[in-house]
Amino acid sequence: MNNLIDNAAKELVKDYLDHLTSHDEAQISPERKAELIAKIKRLLKEKDAVLVAHYYTHDDIQALAEATGGCVSDSLEMARFSNQHPAKTVVVAGVKFMGETAKILNPEKRVLMPTLEATCSLDLGCPVDEFTAFCDAHPDYTVVVYANTSAAVKARADWVVTSSIAVDVIEHLAEQGKKIIWAPDKHLGRYVQKETGAEMLLWDGSCIVHEEFKARGILDLKKVYPDAAVLVHPESPESVVDIADAVGSTSQLIKASQTLPNQQFIVATDRGIFYKMQQASPHKEFMEAPTAGKGATCRSCAHCPWMAMNALENLALALETDSPEVLVDAELIPKALIPLQRMLDFAKSKR
């Protein structure tokens, strides 16, 4: 594809994954789980803190956020919620860019995470120096970056978008005759480009979870479950998007699972989303879409290894010690806030 930006930083992602140690929470006893949940609830109250969790985190964390007046959502709603909630401390269960976004929108608040090691292949694969150099070489392009990027990359952008609002924003810019630099997810970029017809240069990044889904595997599973609907996140390859019954962000896929008449669903996104899908439609059946690899060749197997780092143990410790705290360079905050606020204002105008 002649508009795909050559990205030498892709090797950074591979190297990081090769050295990543699994942080999946070991099985804990029911007694220990109850103890940790009670402790977290107490500390949230004591510290005037609110828990904001992404759909891809463990069921226990999502349930805890719901039970304590927090938020379980996609990254757009997480950003909205953290911006509007009066709590003095925001605890973000997700990956690092989500914590940074909360801090940019709430510089006066303390923002904690269970671990700062939880990153994202899209963030890793879009280092600010390389990205800035490319943007500077194309000054006549409007720079739009996906939320899955560092604070420094956001500060270089004109717009930040999430998957739930990407098509609307790019359509809006295309109507103004804007040419777009899009980063970092090439698959989402292709989907948006196809939906809008916009002129776009695409950064060559991808999500390690969604890139593993394969159309052939899904079609084979459809032979076993012919009445199942296929739900696909647009970070998936084009061949997977093309066979979907519904394509959308996490929140849009949850809605589709409720509104479509099918009783069975093959879901091409992180399996953490099943908690909310099953909660909304307990009578329906949800299956993971097959991934490309088996055994050692499967790098995510439909679950983000960084989202899996969020656990009850380190969540309790973060609240107890007020650490690790998400810090963003004070000089970056006002620069990164501009494109984030554009997104929030645009989203508000569309509601």
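The axes in the first stop are lines fitted to C-alpha atoms, for helices over the stretch in contact, and the angles run from 0 to 180 degrees between N-to-C directions. The model on display is a predicted one.

**First stop: α2 and α15**

Select residues 30-46, which form helix α2, together with residues 312-321, which form helix α15. The two helices pack with their axes 9 Å apart, at an angle of about 30°. Angles under 35 degrees count as roughly parallel, and α2 is therefore roughly parallel to α15. Their crossing is left-handed.

Now display the side chains at this contact.

Move to Asp48, in the loop between α2 and β2. Its phi is near 50°, a positive value in a residue other than glycine. Asp48 is partly exposed, at 34% relative accessibility.

Next, select Asp322, in the loop between α15 and α16. Here too phi is positive, near 55°, and the residue is partly exposed at 26% relative accessibility. In the loop between α15 and α16, select Pro324 as well. The peptide bond joining Ser323 and Pro324 is cis, with omega about 5°. For context, most residues other than glycine have a negative phi, and most peptide bonds are trans.

Select residues 75-84, helix α4. Is this helix mostly covered or mostly uncovered? Seven of its ten residues are buried, so that α4 is mostly covered. The buried residues are Ser75, Leu76, Met78, Ala79, Arg80, Phe81 and Ser82.

At the start of α4, display Asp74 and Glu77: a side-chain oxygen of Asp74 reaches to within 3.0 Å of the backbone nitrogen of Glu77.

Keep α5 selected. Nine of its ten residues are buried, so α5 is largely enclosed by the rest of the structure. Among the buried residues are Phe97, Met98, Glu100, Thr101 and Lys103.

Centre the view on Thr101, in helix α5. Its relative accessible area is 9%, and Thr101 is therefore buried. Leaving aside residues up to four places away in sequence, Thr101 touches Ala79, Lys154 and Leu340.

From there, go to Ser150, in the loop between β6 (142-146) and α8 (151-156). Ser150 counts as buried, at 16% relative accessibility. Which residues does Ser150 touch, not counting those up to four places away in sequence? They are Glu100 and Asp123.

Select Asp140, in the loop between α7 (128-137) and β6. Asp140 is partly exposed, with a relative accessible area of 48%. Show Lys179 as well: the side chains of Asp140 and Lys179 make a polar contact at 2.7 Å. For a distance across the model, pick the C-alpha atoms of Asp140 and Ala229, which are 42 Å apart in space and 89 residues apart in sequence.

Select helix α9 (residues 166-175) and helix α10 (residues 186-196), which pack at an angle of about 50° with their axes 9 Å apart. That angle makes α9 oblique to α10. The crossing is right-handed. Ala166, Val167, Ile170 and Glu171 of α9 form the contact with Tyr191, Val192, Glu195 and Thr196 of α10.

In the loop between β8 (180-183) and α10, select Pro184. The peptide bond from Ala183 to Pro184 is cis, with omega near -5°.

**Last stop: the largest nonpolar core**

Finally, display Phe131, Ile170, Trp182 and Met277, which touch the most other members of the largest nonpolar core, a set of 117 residues. Helix α16 (residues 332-350) gives the most to this core, with seven residues. Centre on Phe131: apart from its neighbours within four places in sequence, Phe131 is in contact with Cys126, Val143, Val145, Val153, Ile181, Ala183 and Trp203.

Terms used
Residues are numbered from 1 along each chain as its sequence is written. This is a predicted model: local features need pLDDT of at least 70, side-chain atom pairs count only at pLDDT 80 or more; totals for chains, interfaces and linings use all residues. Side-chain values use heavy atoms; hydrogens and water are left out. A nonpolar core is a set of buried Ala, Val, Leu, Ile, Met, Phe, Trp, Tyr and Cys residues joined through side-chain atoms within 4.5 Å. Buried means under 20% relative accessible area, exposed over 50%, partly exposed in between (1.4 Å probe, protein chains only). Helices (H or I, at least four residues) and strands (E, at least two) are DSSP runs, numbered from the N terminus. Contact means heavy atoms within 4.5 Å. A polar contact is a pair of N or O atoms within 3.5 Å; within protein, one must be able to donate a hydrogen and the other to accept it, and residues adjacent in sequence count only if both atoms are side-chain atoms. Angles under 35 degrees count as roughly parallel, over 145 as roughly antiparallel, 65 to 115 as roughly perpendicular and the rest as oblique. A crossing is left-handed if the near helix is turned anticlockwise from the far one by less than a right angle, and right-handed if clockwise.
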